[in-house]
Amino acid sequence: MSEQLRCNNTADVRERHEREHAAFRRLSEPEQARAQVHMHARYAADPWAFLSDCVYTLDQVDQQTPIKPFPSYLEYIEFLTALWRREPLIAIPKSRRMTCSWSFIALYAHDTFFRSGRFNAFVSKKEDDSGELVSRAEFIYNKIPTWRIPRALLPKLKNGKMSKQPPLLEFEETSSKIQGFPQGADQLRQFTFSGMLFDEWAFWESAQAAYAAAKPTLDGGGRLTGISSRSPGFFKRVVFDQFDAPDLNFREAPPVTARRPLEGVEVWKNPKNRFVVVDLHYTANPEKRSDAWREAVRTSMPARDFAMEYERSWQTFEGKPVYGDWNSRIHARRHLRPEPGIPLLLGWDFGLTPACVITQLVGRRLRILREIIENGSISKLAPVVWNLLLTEYLPWFHGDNKVQNWIDPAGFQKAQTDERTCSEIMRQAGFTNIRPGPVNWEPRRKAVEDFLTKTFGEGPGFEVDKDLCPVLIEGFNGGYRYPDKAVDIEPVNIRPIKNKYSHPHDGLQYVAAGAASLIKQYGIKIPNVVPHYGFQGDNDARTDT
C-alpha cells in the first residue's frame with residue numbers, strides 16, 4: 001500500500017498517508033485482510049518501511065500539531081537506519097533537534113515489537129529521563145495505524161501499558177521488552193542486553209563506567225548506539241578513538257579519512273574501538289541550511305551554547321572568545337589551495353607543543369592553508385614542517401624568499417636548557433628569512449581582527465581551511481578565549497587563557513602582523529593585484545583574473 005515517492009516535508013508525508021488510507025478503504029474486506037497480512041510481513045522485515053508508514057512522533061514544542069508522521073523525507077535518517085541495520089557499534093555526535101532520539105527509539109521499538117526474546121535498554125542520565133525514552137516507544141506502539149497493522153498482529157503489551165517503576169515496556173507472549181536505566185554501572189552490570197541506546201551520552205558523569213558495564217552485551221554480539229550533542233568527556237574519547245589518551249586535549253579529528261555521503265554528514269570507522277561514527281550537522285536537514293535559519297537560532301542563545309549544541313565544538317566555553325567577529329559560515333572554507341607564484345608566509349610559536357601556521361597573502365586577503373602542531377619542541381617541529389614543504393609545496397623552493405617566517409621574538413634568545421636559539425634550530429632544518437613577530441600581544445590580536453573584519457569584492461579578507469586547521473577553527477569557535485570575569489578584574493592587561501589553542505593562534509598572530517606589514521610597506525590597495533613584495537623577481541608579479 002505504500003507509495004515509493006519521495007516526499008519533501010511533513011505535509012507531503014501526511015498527504016501520502018491519507019491517499020494510501022483512502023485506497024485501502026476502497027478495497028473489499030478480504031482484500032483488506034490480505035493487504036494487512038502483506039504489510040505486516042513487510043514491516044517486520046524492513047525497519048525503514050515501518051518507520052516511514054507506521055511511526056508517529058510527539059513534538060511538544062509545536063502547539064498546533066504536536067503529533068506528526070515520522071519525517072521519512074529526511075535522507076540522513078534513512079541513511080542512519082541502513083547503517084544501524086549493518087553496524088552494531090555507532091556513535092553520533094550531533095546538532096540539536098535532528099530527530100535522532102525518536103529515530104533510534106523507533107528502530108529499537110521495531111526490534112522489540114517484531115522479534116522474540118529481545119531485551120533492549122534505553123539509558124540516560126537519570127531514571128526519569130530514561131523513562132521518558134521508554135514512554136516514547138509506548139507512544140509509537142499506541143499510534144501504529146490499525147489499518148496498516150491490526151492489533152491482533154502485534155504482541156500484546158503487558159498490563160496494557162508501560163510500567164513506571166522501573167520504566168518497562170514488556171510483551172510477555174514474545175518475551176521481549178524495553179527497559180529504561182539511569183547511567184550507573186551497577187544497574188547495567190546485572191544484565192546482558194540485545195541492544196542499548198545511550199542518549200545524551202556526553203553529559204553523563206559515569207559515562208565510562210556505563211560503557212564498561214556494557215561490555216558483556218557487546219562481547220556477546222549485542223549492539224550499542226550512542227547519541228549526543230557535544231561536550232568534553234568520555235563520549236569525546238569514543239568518537240575520536242582516544243581511550244588511552246592521558247587527557248582530553250587531543251586533536252579532535254577522525255583517526256581515518258572520513259566519508260561525506262550526504263551534506264552535513266561525515267562518517268568514519270574507528271580502527272581501535274570499532275565504533276562507526278556519524279558526525280551529524282544541522283545542515284543535513286535541508287530546512288536548516290539557510291543563513292536565515294542559522295541566524296535565528298544563533299541569536300537566540302549564547303555563542304558558546306550554539307557552538308556546542310549546533311556546531312562542531314566539543315568545549316563548554318565559559319569565557320568570552322577572543323575574536324567576536326569570527327563567523328564559521330564566512331571564514332571557514334574547504335579545499336583552500338596555495339596560489340602559484342605567491343610566497344608562503346609562515347607563523348611560528350614555540351614551547352612544549354610548538355605550532356606552525358602556513359598562510360598566503362592573496363591581494364589583501366589572508367588565507368590560512370594549514371596548521372602543524374607537535375608535542376615536543378621546535379627541534380621536532382621544524383623538520384616536520386620542512387619535509388611537508390618539500391613534499392606538498394616544492395615549487396616554492398625555486399626562487400629567493402618564496403617562504404617567509406615570522407616567529408615568537410623569544411625564539412632569538414638562547415634557552416637555559418639548550419645553547420641554540422629556536423631560530424638557529426629552524427635555520428639548521430633549512431629555513432631562512434626568519435623575522436620576529438610583534439612583542440606585544442594587542443597588536444598581534446588586532447592584526448588578525450583586521451583581516452577578519454574586511455570583505456572585498458572577491459571574498460572575505462580572512463579564510464581558514466576547515467579540514468587542515470581544526471585546532472585553529474575550534475579556537476575561533478570559542479576555545480581561544482579570555483578567562484572568566486577577566487574584563488572585570490584586569491581590563492587593561494586582559495590575555496587569553498593558556499590552553500591547546502594558544503600556540504597555533506599565537507603563530508597565526510605573528511604571521512598576520514607580518515602580512516599586515518607587507519600590505520603597509522607595499523601599499524596594496526587594489527584587490528586581486530599581487531605585487532612582487534620585494535622578494536620575487538620582477539617577472540613574478542601578476543594580476544589574477
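Start with the largest nonpolar core, which has 63 residues; such a core is a set of buried Ala, Val, Leu, Ile, Met, Phe, Trp, Tyr and Cys residues joined through side-chain atoms within 4.5 Å. Buried here means under 20% relative accessible area, with a 1.4 Å probe and protein chains only. Select Phe50 and Phe113, the residues with the most contacts inside this core. (Helices are DSSP runs of H or I, at least four residues; strands are E runs of at least two; both are numbered from the N terminus.)

A word on ground rules: this is a predicted model, where local features need pLDDT of at least 70, side-chain atom pairs count only at pLDDT 80 or more, and totals for chains, interfaces and linings use all residues. Residues are numbered from 1 along each chain as its sequence is written, and side-chain values use heavy atoms, leaving out hydrogens and water.

Stay on Phe113: beyond its neighbours within four places in sequence, its contacts (heavy atoms within 4.5 Å) include Phe50, Tyr141, Pro155 and Phe171.

Next, colour the open seven-stranded sheet, ordered E12-E22-E15-E14-E13-E16-E19 with mixed pairing. Strands pair if DSSP finds at least two bridges between them. E12 (332-333) and E19 (434-436) are the edge strands. Zoom in on E14 (355-362) and E15 (365-373), antiparallel and joined by eight bridges; Cys356 sits opposite Ile372 of E15.

Finish at helix H17, residues 470-479: nine of its ten residues are buried, so the rest of the structure largely encloses it. Among the buried ones are Leu472, Glu474 and Phe476.

Key. Buried < 20%, exposed > 50% of the residue type's maximum accessible area, 1.4 Å probe, protein only.
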